[in-house]
Amino acid sequence: MSDHVTTHQAAEDARNESILIWLNGKIVPKAQALVSVYDSGFMLGDGVWEGLRLYDGNWAFHDEHLDRLFEAAKAIDLDIEMTRDQVFQALLDTQSANSMTTDAHARLMITRGIKTRPFQHPSLSQQGPTVTIIMEHSAPKIPRPIRLATVPHIRGLPMTQDPKLNSHSKLNCILACIAAQKSGADEALMLDVHGFVNTTNACNFFIVRKSAVWTSTGDYCMNGITRQKVIDLCRANDIPVFERNFSLVDTYGADEAFLTGTFGAQTPVGEIDGRIIGQGKIGPVTNRLRQLYKALVA
Ligand SMILES: Cc1ncc(COP(=O)(O)O)c(C=O)c1O
């Protein structure tokens, strides 16, 4: 289908052809920012990452992002070999090298590094981690509300590959996204192991019913920083908010639905499985939360 949109669509920006990339302590032109085919991230998806956004000179919620990064690295037993301050300084150095002041997006990626042989065992990564920061000029440009489709791929139990891990390997989410696209939608709405509505392949998911905001319990989905900010904003502004189990029946009948993520903040959902949600466009509660979030990052 030609009119697909994605939740991470940004305005074309020619400056991104000549950005500088942070790669293992050096800032190099994009064309020279290359990692080995022996890198465990390339070979096995063995790494963790964070996406951060720059608004008016500030990396929004960078403490929370660094907390989550270091927690994920500890969980997969990956030694970043840098302190939190050094990682944040690398982000600032990349920003400064690229003369970026606002509307930039950083993807901070850390893998277990180069392996001595092309096999899985983590002990084969002996040269320390590969640390990279891709920072692009990025103004989200999502031309219409997102269309979602439910897919057979579910959010798994934490003992398989904990869905809270921002791991390099995103194959489950990618397969979900492909299935949604093949059915004519933009992205995938994923259920949990019990069949409750959980999240999408790349963002957290919310519905609004009778002016109350509902999202999943938080089990099985990414512990999204934007998700938590939206919940906190609801609580601080007397908007009823519930982290609860709910089904597709509740979802199709919702007045509004929206997604949250660092890139797009709050993105309206217009259609799910061919059902128009509410008026099919951004609703008043989503709009209000967008304004509150804008004020918060400012
Ligand atoms: C699967 C998934 N859900 C949700 C999110 C949104 O999280 P955040 O709000 O922290 O960007 C992400 C972003 O990394 C993600 O990969």
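**Close-up 1. What the lining of the largest cavity is made of.** The residues around this space split into 5 nonpolar, 3 polar and 1 charged. Keep in mind that this is a predicted model. The residues in question are Arg53, Tyr55, Ala60, Phe61, His65, Ile225, Thr226, Thr262 and Tyr293. By class, Arg53 is the charged one, while His65, Thr226 and Thr262 make up the polar set.

**Close-up 2. The cavity itself and the elements around it.** Searching the whole structure turns up 1 cavity of 30 Å³ or more. The space inside the largest cavity comes to about 40 Å³. Two elements, β3 (47-55) and α6 (225-236), each give at least two residues to the lining. Look for Arg53 and Tyr55 on the β3 stretch, and for Ile225 and Thr226 on the α6 stretch.

**Close-up 3. How α2 and α3 cross.** Here we move to a helix pair: α2 covers residues 62-75 and α3 covers residues 84-97. Their axes come within 11 Å and cross at roughly 120 degrees, so the two helices sit oblique to each other. The crossing of α2 past α3 is right-handed.

**Close-up 4. Side by side at the α2 and α3 contact.** From α2, the residues taking part are His62, Asp63, Leu66, Asp67, Leu69 and Phe70. On the α3 side they meet Arg84, Val87 and Phe88. Sorted by class, this contact has 5 nonpolar, 1 polar and 3 charged residues.

Notes
Residues are numbered from 1 along each chain as its sequence is written. This is a predicted model: local features need pLDDT of at least 70, side-chain atom pairs count only at pLDDT 80 or more; totals for chains, interfaces and linings use all residues. Side-chain values use heavy atoms; hydrogens and water are left out. On a 1 Å grid over the protein atoms alone, a cavity is a set of points where a 1.4 Å probe fits but cannot get out, and a pocket is an open set with protein on both sides within 12 Å along at least five of seven lines; lining residues have an atom within 4 Å of a point. Grid points are joined across faces, edges and corners, and a volume is the space filled by probe spheres set on the points. Helices (H or I, at least four residues) and strands (E, at least two) are DSSP runs, numbered from the N terminus. Axes are lines fitted to C-alpha atoms, for helices over the stretch in contact, and angles run from 0 to 180 degrees between N-to-C directions. Angles under 35 degrees count as roughly parallel, over 145 as roughly antiparallel, 65 to 115 as roughly perpendicular and the rest as oblique. A crossing is left-handed if the near helix is turned anticlockwise from the far one by less than a right angle, and right-handed if clockwise. Contact means heavy atoms within 4.5 Å.
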